[in-house]
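Have the picture open as you read.

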Amino acid sequence: MNDSELRHCVESVADPELGQSLGKLNMVKQATISDAGVASIEIELPTPAYPGRERIEAAINAAIQRHSGDAADANVTFGWKVKGKETGGKIGLRIKNVIAVGSGKGGVGKSTTATMLAYGLKSFGAKVGLMDADVYGPSIPHLCGASGEPAVDEVTDAAGNRMQRIQPIDKDGLKLLSIGFMIKADQAVVWRGPMLHKLLTQFLAQTEWGELDYLIIDLPPGTGDVSLTLSQLLGLAGAVIVCTPQKVALLDAVKAISMFGQVNIPVLGIVENMSGEIFGRGGAKDQAGKSGIPFLGEVPITAYIRELGDAGRMSEIFNEDSPVREELLGVCQNIAMQIARQLLDSPALPTLEVL
Ligand SMILES: Nc1ncnc2c1ncn2[C@@H]1O[C@H](COP(=O)(O)OP(=O)(O)OP(=O)(O)O)[C@@H](O)[C@H]1O
Ligand SMILES: [Mg+2]
């Protein structure tokens, strides 16, 4: 086999997660055969949270063996480059994927799940930001144990206009922004629609997020206002709907699906939170099946998660000794892969022009 035969052979292998061929997915970065006859192949994954490295390697070796007749032991290495719609360019964002985490109902664990997802994607090596869009009850600063006031710089843009730039808070390698960093805990602010729209616009368009693979947005319960504003500003990778296994909560998930549909935000799928003895389990999976949307996994109900959140130590949730580490990494992988899948199905969506 020569280099070009090898490349052809590898490119014809179907990606075990995405179904299409590695060639079509543009994932084969290198395919060469050394003088000693050893095949070296470099694969570029669409997310560092890709769960099927061993399966790709096995499929490549099987394909080489079928082609050459000899047992293959190719040297397969993996790199990654997160792909995204990158539709935030219009408002100056260099963020590949914006993910909203929402629900129809309060208290189901949106903020906990959003924070878990941010730390999880970061633990795979991705560059991640976490934005709190809940101005009524911001919880991101507390969950992450983060404090401080974001610096606001005055800058002059290319057209000579003075404008403000907000510096997100850097914590544990995540970029965080929340109204909770800017107002005192006991300060009541009545947010009217236009103010909310303006604040969210500043949080997105006037914040130095830099280059990010994923920006996770923690939504407030229920209201469609925030989601509408987000969808007007940029094309989101999609929304993750969080619900608990109870019947009532599942009805709220259906409402959330319809709400995201109305504002043109694709739904990535449902996460069942607080899955376990007390509330039962599996309800969300059934509901996802009925609604025809992907089920993204279960987050167990455990005192461990509540205690880490209460203590502002969510950063520890993926430590080696965390009892929920593997399960939660699986949920993060499902979400990252669902984004990769949707990207294949749908080319960049146009965003509504309202700015
Ligand atoms: N899997 C879990 N196991 C145990 N406790 C959990 C779990 N998920 C969330 N909690 C706890 O439930 C409470 C509500 O969680 P959280 O604040 O994340 O919900 P929320 O949906 O963001 O609420 P809100 O609608 O008020 O924004 C918190 O005390 C949190 O620690
Ligand atoms: Mg919340």
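How do the residues of the lining of the largest cavity divide into nonpolar, polar and charged? They split into 5 nonpolar, 4 polar and 3 charged, where Ala, Val, Leu, Ile, Met, Phe, Trp, Tyr, Cys and Pro count as nonpolar, Asp, Glu, Lys and Arg as charged, and the others, Gly among them, as polar. Keep in mind that this is a predicted model, where local features need pLDDT of at least 70, side-chain atom pairs count only at pLDDT 80 or more, and totals for chains, interfaces and linings use all residues. Residues are numbered from 1 along each chain as its sequence is written, chains are lettered from A and ligands numbered from 1 in the order written, and side-chain values use heavy atoms, leaving out hydrogens and water.

Among the residues lining that largest cavity are Lys85, Glu86 and Asn97. Asn97 turns up again in the lining of the second largest cavity, along with Tyr214 and Leu343, among others. (On a 1 Å grid over the protein atoms alone, a cavity is a set of points where a 1.4 Å probe fits but cannot get out; lining residues have an atom within 4 Å of a point.)

Now for ligand 1. Gly107, Lys110, Ser111, Thr112 and Pro300 come nearest of the 17 residues around the ligand, "around" meaning a heavy atom within 4 Å. A polar side-chain atom of Thr112 lies 2.5 Å from a ligand oxygen atom, and a backbone N or O atom of Gly107 is 2.8 Å from an oxygen atom of ligand 1.

Terms used
Polar contact = N/O pair within 3.5 Å; in protein donor to acceptor, adjacent residues only side chain to side chain. 1 Å grid on protein atoms, 1.4 Å probe; cavity = no way out; pocket = protein on both sides within 12 Å on 5 of 7 lines; lining within 4 Å.
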